[in-house]
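Please read the points below with the sequence and the model side by side. Each point takes up one topic, so that the residues named can be located one group at a time.

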Amino acid sequence: MMLIGVIADDFTGASDIAVTLSKGLEGEGGLRTTQYLGVPSGDADATVEAGVIALKSRSLPADEAVAQSLAACRWLQEQGCQQIIFKYCSTFDSTDEGNIGPVTDALAAHLDVQSVVMCPAFPAMGRTLYQGHLFVHDKPLNESGMQHHPLTPMTDADLRRVLARQSKNRVGHIAWQTVSAGSRAVQEALAAQAEEGRVLVIVDAISNEDLTTIGHACRGAALVTGGSGIARALPHNFIAEGRAQGQRAGVPQVSGAEAILVGSCSGATRGQIAEHEKQHPVLMIEVKEVLSGATGPQQLVDFIQAHQGQAPLVYSSGDPEAVRQLQQEYGREKIAEALDTLFGQTARQLVAEGVRRLVVGGGETSGAVVSALDLDALTIGQEIDTGVPAMVSGGERPIALALKSGNFGGKDFFARALNML
């Protein structure tokens, strides 16, 4: 029976929390984890202990995101899940309209939950939450570069204010001083918040130890929300009860042609592209040429096929100012749709022509690619970098994938990911 079910609002975030669940706490092991690309039409395999449903709902209209998330929740409940996690980005990517608040409101109502932990902290990637304010390394969220995000610019580091603008429920807060006092103190604080009618509760965390404490406090909670770090200790609760043994299955490597497709404009990704370009062929896509039709999937496929064996990379990334100017000229939605279509069609053609190892950079781009490939489920394998696992599809001709959020991974991520796949 599936024990933990995850609803993730994008594809890279889904793989991020999937590898967290499969690892569990150090020395203890995790749960047998499968990532599903959208809500499955049939039942899960009986061996799956944690199921992660990857949606592409982060930037959808709120009502659509709510509908998709509730559908995912119902399927996970049908598989026997005892605990539901709503996974969103560790930088709380959202607008004043949502979708984090509306989706959490809907899930809390559906599951009849009176208080919900909300903790996007991911200390391993420099995301910490203190006194309700989210930091990226040493900078408040609104000074970290996230204020320039093309789809969900984050201009306020106080998540209590951010969430209050999105949610119909009252927002509460549990300070780090309470978290540092232990899991029982957190449980008591959550009960007090519920009594005050504060359903959505921001919980501080500045270290992995804090996340472990919060995870232990969430034992038996029907709904938990946060970044992937919130799942760090959740498998332990089931292992301690004897309902799971704690293990992690290995995933075989896949041989075959390779490609790297990148659609993120984050600073980390731009640095990774620059590092990759020192030793490998790289092609930059001009957005204007994509919009005019001058650049299409065939040009990208031709470039990648001409440089097989050399880890070829194609990207549409640019500095924030250039991206902003293009959005003002052509419209944000039009550009996003054009690039998603381009990368999706390119990936489908590459796989049809024999590519079997595929690395994708950027959450929206990853969603477009896996949707175009129409994959049902992915087995979670080894962690390539913090929060980024190797994944393998089923079938006679498996595809190995790595889906990377914009800010994740070391400088040499792209080449290293292909080697691990």
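Predicted model: local features only at pLDDT ≥ 70, side-chain atom pairs only at ≥ 80, totals over all residues.

1. The volume of the second largest pocket is about 490 Å³. Its lining is made up of 22 residues, and those closest to the centre of the pocket are Ser59, Leu60, Pro61, Leu151 and Glu333. Helix H13, which covers residues 332-352, contributes the most to this lining, with five residues. Sorted by class, the lining contains ten charged, seven polar and five nonpolar residues.

2. The cavity. How many cavities of 30 Å³ or more are there? The count comes to one. The space in this largest cavity is about 30 Å³. Its lining consists of Asp9, Ser57, Arg58, Ala65, Phe86, Asp93, Asn99, Ile100 and Val103. Three of these lining residues are charged, two are polar and four are nonpolar.

3. Aromatic pairs. A pair of aromatic rings is described by two quantities, the distance of the centres and the angle of the planes. Five aromatic pairs are found when the whole structure is searched. One of them joins Tyr88 and Phe92 edge-to-face, with 5.3 Å from centre to centre and 80° between the planes. Tyr88 has a relative accessible area of 0% and is therefore buried. Phe92 likewise has 0% relative accessibility, so Phe92 counts as buried. Ring pairs also bring Phe86 into a cluster with Tyr88 and Phe92.

4. Why is the pair of Phe122 and Phe408 called edge-to-face? The ring centres are 5.7 Å apart and the planes stand at 65°, and an angle over 60 degrees places a pair in that class. Phe122 belongs to the loop between strand S5 (116-119) and strand S6 (127-130), whereas Phe408 belongs to the loop between strand S18 (400-404) and helix H15 (413-420); the pair therefore ties together parts that are 286 residues apart in sequence. Phe122 and Phe408 are both buried.

5. Side chains of opposite charge can pair when their charged atoms come close. The structure has 19 salt bridges. In one of them, Glu49 pairs with Arg32, and the closest N and O atoms are 3.5 Å apart. Glu49 is buried at 6% relative accessibility, while Arg32 is partly exposed at 30%.

6. A buried salt bridge. Arg58 and Asp93 form a salt bridge through their side chains, at 3.6 Å from N to O. Arg58 is placed in the loop between S3 and helix H2 (62-78), and Asp93 in the loop between strand S4 (83-87) and helix H3 (100-111), so the parts tied together are 35 residues apart in sequence. Are these residues buried or exposed? Both Arg58 and Asp93 are buried.

7. Arg165 and Asp156 form a salt bridge in which the closest N and O atoms are 3.5 Å apart. Arg165 is partly exposed, at 39% relative accessibility, and Asp156 is buried, at 10%. These two residues belong to a network of salt bridges that also links Asp96, Asp158, Arg160 and Arg161.

8. Gln193. This residue is part of helix H6, residues 183-195. Gln193 has a relative accessible area of 11%, so Gln193 is buried. A polar atom of its side chain lies 3.4 Å from the backbone oxygen of His173.

9. Backbone details. The peptide bond that runs from Gly98 to Asn99 is cis, and its omega is near 20°. Asn99 is in the loop between S4 and H3. Asp112, which is not a glycine, has a positive phi of about 55°; Asp112 is in the loop between H3 and S5 and is exposed, at 61% relative accessible area. His137 also has a positive phi, near 55°. His137 is in the loop between strand S7 (133-136) and strand S8 (139-140), and its relative accessible area of 57% makes His137 exposed.

How values were computed: Residues numbered from 1 in each chain as written. Heavy atoms only, no water. 1 Å grid on protein atoms, 1.4 Å probe; cavity = no way out; pocket = protein on both sides within 12 Å on 5 of 7 lines; lining within 4 Å. Points joined across faces, edges and corners; volume = space filled by probe spheres on them. Helix = DSSP H or I, 4+ residues; strand = E, 2+ residues; numbered from the N terminus. Nonpolar A, V, L, I, M, F, W, Y, C, P; charged D, E, K, R; others polar. Phe/Tyr/Trp six-rings, centres within 6.5 Å; stacked < 30°, edge-to-face > 60°. Buried < 20%, exposed > 50% of the residue type's maximum accessible area, 1.4 Å probe, protein only. Salt bridge = Lys/Arg side-chain N within 4 Å of Asp/Glu carboxyl O. Polar contact = N/O pair within 3.5 Å; in protein donor to acceptor, adjacent residues only side chain to side chain.
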